[in-house]
Amino acid sequence: MPLRDHFRLPTSKQTSWEALHGGWPMVIVQQLRKTLPSGFTARPSVHLGAFYEIDVSTYEADDAPTSPNGKSGHGTNGTAAQWNATEPSVAVEVEPDEEYEYAVNIYDTERERTLVAAIEIVSPGNKDRLEKRNSFVAKCAALLRQGVSVCVVDLVTIRHFNLYTELMTFIGQGRADPMSENPPATYAASCRWGPRGDKSRLETWSRVMAVGQPLPSLPLWLRADLAITLDLEATYEQACYDLWIE
């Protein structure tokens with residue numbers, strides 16, 4: 001069955017794109033349960049909105065060390081040293097750092113649940129503004145540098161940015177992929193980056209996706225010598241079926 005345009009009629013009238021993006025990761029997990037080798041597990045990860053840090057409070061224990069003069073060891077007079085405020089170098093109003101994540105993470109349970117692969121499903125929010133695109137690309141690059149293989153899947157037809165080609169540019173390989181000459185709005189790519197002998201090697205498998213055409217399959221790398229097939233078409237169709245998307 002072909003890829004639908006989930007951002008325009010008639011598909012957008014049947015259900016929202018958020019429904020597909022939110023449901024697809026779990027369908028992928030269900031398929032991976034059948035194909036992942038023993039010792040690996042997959043988990044969906046869906047997050048909408050801002051990430052908030054938990055407030056950190058500091059406490060002084062009753063037996064906190066004291067200075068030679070008998071005072072608490074936080075300053076000469078027993079109080080915390082205060083910053084003598086000056087004008088900041090930069091002070092600008094910014095919007096909250098909202099993150100939209102639709103992903104599947106694969107872990108090696110035999111290595112203390114080490115993250116080995118991530119499937120990132122691009123949302124409109126990831127392609128919204130330059131800072132959002134930079135944040136997504138930087139996240140993928142950081143995963144690759146940690147030895148995590150990354151699959152990027154982009155069905156967003158209403159914003160014509162290609163985060164895979166931007167990722168390639170970010171890591172200094174902007175001209176390495178033929179897709180960079182005319183980047184499509186919808187695409188899928190599998191990437192891995194790691195040591196090969198005495199050098200580091202980047203490998204990618206990129207595919208153009210088009211409305212009206214079946215989705216491709218990609219390699220999902222679990223180790224340097226082990227990959228399984230990520231069947232995007234089968235999981236996409238199952239997600240559409242479950243959501244009554246024709």
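Predicted model: local features only at pLDDT ≥ 70, side-chain atom pairs only at ≥ 80, totals over all residues.
Colleague: In what sense do β3 and β4 pair, and over how many bridges?

Modeller: Helices (H or I, at least four residues) and strands (E, at least two) are DSSP runs, numbered from the N terminus, and two strands pair if DSSP finds at least two bridges between them. The pairing of β3 and β4 is parallel, over six bridges.

Colleague: Which handedness does the unit of β3, α3 and β4 have?

Modeller: A crossover is right-handed if, with the strands pointing away from the viewer, the path from the first strand over the helix to the second runs clockwise. The β-α-β unit made by β3, α3 and β4 is right-handed.

Colleague: Is S149 buried or exposed, and at what relative accessibility?

Modeller: S149 lies in strand β4. Buried means under 20% relative accessible area, exposed over 50%, and partly exposed in between, with a 1.4 Å probe and protein chains only. S149 counts as buried, because its relative accessibility is 4%.

Colleague: Which backbone oxygen does the side chain of S149 reach?

Modeller: Contact means heavy atoms within 4.5 Å, and S149 touches V116, A117, A118, C191, R192 and W221, not counting residues up to four places away in sequence. A polar contact is a pair of N or O atoms within 3.5 Å; within protein, one must be able to donate a hydrogen and the other to accept it, and residues adjacent in sequence count only if both atoms are side-chain atoms. At 2.6 Å, the side chain of S149 reaches the backbone oxygen of W221.

Colleague: Which residue lies over the face of W221?

Modeller: A charge sits over a ring if NZ of Lys or CZ of Arg is within 6 Å of the ring centre and within 35 degrees of the ring normal. W221 itself counts as buried, at 16% relative accessibility. At 3.4 Å from the ring centre of W221 lies R192.

Colleague: How many aromatic pairs does a search of the whole structure find?

Modeller: Rings of Phe, Tyr and Trp (its six-membered ring) pair if their centres lie within 6.5 Å; planes under 30 degrees apart count as stacked, over 60 as edge-to-face and the rest as tilted. The number of aromatic pairs found in the whole structure is four.

Colleague: What is the angle between the planes of W17 and Y102?

Modeller: W17 and Y102 form an edge-to-face pair, 6.2 Å centre to centre, with 70° between the planes. This pair links W17 in helix α2 with Y102 in strand β2, 85 residues apart. Y102 is buried, with a relative accessible area of 3%. The angle asked for is 70°.

Colleague: Why is the pair of W205 and W221 tilted?

Modeller: The ring centres of W205 and W221 are 5.7 Å apart. W205 lies in strand β6 and W221 in strand β7, so the pair ties together parts that are 16 residues apart in sequence. The pair is tilted because the planes of W205 and W221 lie at 35°.

Colleague: Which residue caps the N-terminal end of α4?

Modeller: In α4, L163, Y164, T165, L167 and M168 are buried, and what covers the buried residues of this helix includes β3, α3, β5 and β6. A side-chain oxygen of the capping residue lies 3.1 Å from the backbone nitrogen of Y164, and that residue is N162.

Colleague: Why is β5 largely enclosed, and how many of its residues are buried?

Modeller: β5 pairs with β4 in the antiparallel sense over five bridges, and with β6 in the antiparallel sense over 10 bridges. β5 is largely enclosed by the rest of the structure because the buried residues number seven of the 10.

Colleague: With which residues is I158 in contact, leaving aside its neighbours within four places in sequence?

Modeller: I158 lies in the loop between β4 and α4. I158 is partly exposed, with a relative accessible area of 39%. Its contacts beyond those neighbours are F7 and R8.

Notes: Residues numbered from 1 in each chain as written. Heavy atoms only, no water.
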